[in-house]
Amino acid sequence: IKNSLVLPFRFLAASDEIKKMTSNASVRKVLAAISKALDISAENVPVFEGETLVVLDVSGSMTHNANTLGNKSPHIIGGLFAAMIAKKNNSDFMTFDGSARYISYNPLDTITSIVSRISFNGGSTDFHTIFKTANKKYDRVIILSDMQGWVQARAANGPFAEYKRKFNVTPYLYSFDLQNYGSMQFPENNVFCVAGFSDKIFDIMQLLEQDKKALINEIKKVKL
């Protein structure tokens, strides 16, 4: 599993299909194996230094649009990777739609269990609420969303700036565009906007915290 090219969300998709079968000893054994495989695949998630806040968009659009990654809706991809990152780092976990709230979870639970308890409410998407709700200093904030926000046609960098002033901190902000629309909710410095998702993104995150121009420098190393 560690060396395979299977993306973690494939295990979740397999689990969803197996659950449609009539429950018996064999089916439960397969579900247990898939859950274990998913947890093993999460071992590639790095442990980041300091305090991390993982934020997941649970608005209506997250469940409506098919994603290019295996034709899965963004909520499947976002929920899975949010749970993986939070569990591995024992991070604070927040969900948001028209409002934001902290979510309690047990880091000893399986990833499958954590994902199954995430509720997608079908509300609007207000990125402003994230930093109006954040109540402590974070070294990094990781947001997973389809980026269909822009409340009142305004980016969310106003509340983000107020949060930074309030806690005297400039966190790394990773904004994952799970639908590849290309919209930026936080167009400013020290913000990294990424479209799509794969296990390689964790390597990129570590590189960016060492050097903001890491990707440019890696491209320059390529000899044509």
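Residues are numbered from 1 along each chain as its sequence is written, and side-chain values use heavy atoms, with hydrogens and water left out. In this predicted model local features need pLDDT of at least 70 and side-chain atom pairs count only at pLDDT 80 or more, while totals for chains, interfaces and linings use all residues.

Reader: What is the mean pLDDT of the protein chain?
Author: pLDDT is the predictor's confidence in each residue, from 0 to 100. Of the residues in the chain, 81% reach 70 or more, and the mean pLDDT is 81.

Reader: How far apart are the end C-alpha atoms of helix H4?
Author: Helices are DSSP runs (H or I, at least four residues), numbered from the N terminus, and the expected span is 1.5 Å times one less than the number of residues. Helix H4 has 16 residues (74-89) and should therefore span 22 Å, which agrees with the separation of its end C-alpha atoms, 22 Å.

Reader: Which residue forms a salt bridge with Lys-136?
Author: A salt bridge is a side-chain nitrogen of Lys or Arg within 4 Å of a carboxyl oxygen of Asp or Glu. The closest N and O atoms of the pair are 3.2 Å apart, and the partner of Lys-136 is Glu-51.

Reader: By how many residues are Lys-136 and Glu-51 separated in the chain?
Author: Lys-136 lies in the loop between helix H6 (128-133) and strand E4 (140-145); strands are DSSP runs of E, at least two residues. Glu-51 lies in the loop between helix H2 (25-41) and strand E1 (52-57), so that the pair links distant parts of the chain, 85 residues apart.
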